[in-house]
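Please look at the structure shown here before reading on.

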Number of protein chains: 2
Amino acid sequence: MDSLYTEFVEQSRKIADLQYAAAVLEWDKETYMPAKSAEIRSQQIATLSETAHTWLIDPAYENVMQQLLEQKDLSENELDNVKIRLKEVLRLKKKTPAFVRKMSETVSKAYHKWIEARRKNDFSIYAPALEELINLKKEEAEIYGYEEHPYDALLQEYEESASVEMLDKVFADLLPGLSEILEKYKNKNIDTHFLHKKYDAAKQLEWGKYLAEQMGLDKDKTRLDISEHPFTTNFSATDVRITTRIDENDFSNNTWSTIHEGGHALYELGLPIEEYGLPLGTFTSLSIHESQSRFWENCVGKNGAFWYHYLPEAQRFFPEQLSEIKLEVFMQAVNRIEPSLIRTEADEVTYHFHIYIRYLIEKELIAGTISTKDISKIWNEKYKELLGIDVPDDKSGCLQDIHWSIGSLGYFPTYSLGSLYAAQFWDKLKSDNPNIESEISNGNLNTTLQWLRQNIHQYGKKYDSEQLCKKVTDSTLDSTIFLKYLEDKFSK
Amino acid sequence: MDSLYTEFVEQSRKIADLQYAAAVLEWDKETYMPAKSAEIRSQQIATLSETAHTWLIDPAYENVMQQLLEQKDLSENELDNVKIRLKEVLRLKKKTPAFVRKMSETVSKAYHKWIEARRKNDFSIYAPALEELINLKKEEAEIYGYEEHPYDALLQEYEESASVEMLDKVFADLLPGLSEILEKYKNKNIDTHFLHKKYDAAKQLEWGKYLAEQMGLDKDKTRLDISEHPFTTNFSATDVRITTRIDENDFSNNTWSTIHEGGHALYELGLPIEEYGLPLGTFTSLSIHESQSRFWENCVGKNGAFWYHYLPEAQRFFPEQLSEIKLEVFMQAVNRIEPSLIRTEADEVTYHFHIYIRYLIEKELIAGTISTKDISKIWNEKYKELLGIDVPDDKSGCLQDIHWSIGSLGYFPTYSLGSLYAAQFWDKLKSDNPNIESEISNGNLNTTLQWLRQNIHQYGKKYDSEQLCKKVTDSTLDSTIFLKYLEDKFSK
């Protein structure tokens, strides 16, 4: 018995070794790899990924898991590991190798067309390849199967508890409240010019490293590097890496990117290392991962208590640019709300309109009620209707995100769910620790981190998002808490 | 037919993808990896290496090769690829998985004991684990088989044409001549103090990058990073990386390390990319690889013609330290000969005594004519006898090299062979291009690089070292050319 579970663990770890090796090659590609080796590197990564996939769906591996379930004498954690992994394998197995290959080819084509369309600022260049990809995603939805809506099958690729029914309700609860807040607090000539003075790149990187360290990222288990788009990746709970992008004319981007990615990293660092390669050593879901990054970026990192301590530190790093800036002025600039074109630059309120528009379009594309060629038109209409802004071109409109081009349909909603969970966790942290903001205002972030470790990180994938939320907050997903959090923040 | 060769190529490339992925993980480990993830990283690398090994000895792979040989309609290059790979596979197959595992465990133990013994400066701590490893290497020699001497089997792991008979002759020819040169030209109060002024680390790194670029390393296919010990690694002919170590009180280390590793890198960059993952896309042998690094480090990089152009450049980088230094004084310091304790710091002449002592000890250990516990004593006696110096402790004596601790017995001689081949190639380059030194003295290194590309790099593993040497120089390995090269250099 014991040796059968050991066999399961060993095979699971070998699979993880390959997947994490692929992640190292990806990280290197985005940070240090010389430009001319992109092609061979992609092939090397594909070999690692395909081999990991083959091992995952190997009947012998499944057989070990089936046997373990029959033998009924596993510990609770062991049983969880086997059950969760088996479920993943059974889902993966539904796709034939031919389908996987077709998807990979179609994605590669769509991605290159997206790049070209962006360069030429013309969605129509990308539309035919995207249509082909959407058709394949519809096929994928049928392969996975669904109860209500074909889009549910794709949503659940990223978030088990998500569905059209659930998300329609979430957005219906959320958007009217957000519109109200937007109307009430949107930009009234707030001064932000000091955020756009010249901030030296090397100094900004130092500042990023300082922030990461302050948040509790262990220097012997993490790195901060530069890449074109910020990201977090991990190769075990002892090696978690974040990246940032530095714009010398902007203080904000590097600062909140680093705090955001730092939040992701703290989650990975808090996963139990003894469960390496197993479900309990892996994050719950994308929305919970995003809840961690947004918790740090917004609930902590855009909080006056945080900057009460850290604005003087920022002034120490950038005396010329910031020494004259009062905390109140700084916080107003940080929490400025204003409808804008680009999702990744949006504030905490308008952000969810960006997500909602993408969600709507994806849902209708998969249902077949709109056509790929109309995306640009629909996109622009919705931005006008919901955010009141004119989209001048496709580059700042429907070509801005990479997601569709790499086949990630159903992914965007996890960003909004992440914000909602973050607000609920923040609310619970505050009620568990009434003095938390005063602690934070002393630059003490440890209680916050320990609370997250204790309540969220340690469980890995033991619970799904909804179960975890219930366990932590004693409540299910609840957008009113997010709205209340925003109202509290902006009324200050 | 064609499709069977394609199958061979695809499987060979998948194996290479895993091996190169392992190399990326190794590179990262030595350069950027956070300290606390060493253990899991080693496990990830082991999974990749073991999988590549399993694929290499897969009977289906061998079967494809056997079939291809029977079908007799391959092109010359195709046939070479299949024949060479099959020979490698048949050799690998001789070791059982149990033996491979035993070796890996024994090496791991010996390596850790070596680290401890070095720290405590006491060979006796390491001796028992090394003895166990030597016994296993003897077993390995039996597994591989040999005609004359069991050590031949180990030598041939690194260099197919090497044997005790061959090396005894090489050293017998070489050492008396070296002794003569040493006696004649050894240090007569040469001024080297300017090489040990303070050289800023960041500036040294810039200087290293400048040198690499001057040698012809394409910036879009290479990198120069910092690591504890300099090395070269490659993940394809489009991604070759070198590292250097920087000591702020030393100009030499970084300079000639970078030129040395740059020579290795140019070789890898010159291998035919269309043969990726196949023998013809891989280097000939360790000695030929080393011939390339030593060619650049010594024949070019310690040549007065080279510094005629590059000393002014070095003075531009380091005006304070070097601007007063005349070329003649600089060249005397660079080519100073003096017996010393540490192999990696030895000059071109005394270096080969270091190698000879290691070769002698290895040969006798494998033959069983000396015992592991006596290594320290024999080492110190030989250093006294051959170099006339007293070894003060094990750390600067028999504990200085990593090689034995990782099971690399038979490796050292390739370093000496590399020097010999380098001198022969240099000699031929000069006779093919009588003006080459004048070109080099103008900072034009391109003829040199193109000559190496044309005569050596392009062939990959098509020829073995001896065949290649014969093809390039019309002569076999010949230590008199090396001795003549030294005599020429030092008589100037």
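Which residue stands opposite Thr233(A) in strand 3 of chain A? That residue is Arg241(A). The model is predicted: local features need pLDDT of at least 70, side-chain atom pairs count only at pLDDT 80 or more, and totals for chains, interfaces and linings use all residues. Residues are numbered from 1 along each chain as its sequence is written, chains are lettered from A and ligands numbered from 1 in the order written, and side-chain values use heavy atoms, without hydrogens and water.

**Sheet**
- In chain A, 3 strands make an open sheet with the order 1-3-2 and mixed pairing; strands are DSSP runs of E, at least two residues, numbered from the N terminus, and two strands pair if DSSP finds at least two bridges between them.
- Strand 1 (222-226) and strand 2 (232-236) of chain A are the edge strands, each pairing on one side only.
- From one strand to the next, the twist averages 20° (axes are lines fitted to C-alpha atoms, for helices over the stretch in contact; angles run from 0 to 180 degrees between N-to-C directions).

**Hairpin**
- Strand 2 and strand 3 of chain A form a hairpin, with 2 residues between them.
- These strands run antiparallel and are joined by 4 bridges, strand 3 of chain A being residues 239-244.
- Ser236(A) has Asp239(A) as its bridge partner in strand 3 of chain A.

**Cover**
- Of the 5 residues in strand 2 of chain A, 4 are buried (under 20% relative accessible area, 1.4 Å probe, protein chains only).

Note on methods:
Buried < 20%, exposed > 50% of the residue type's maximum accessible area, 1.4 Å probe, protein only.
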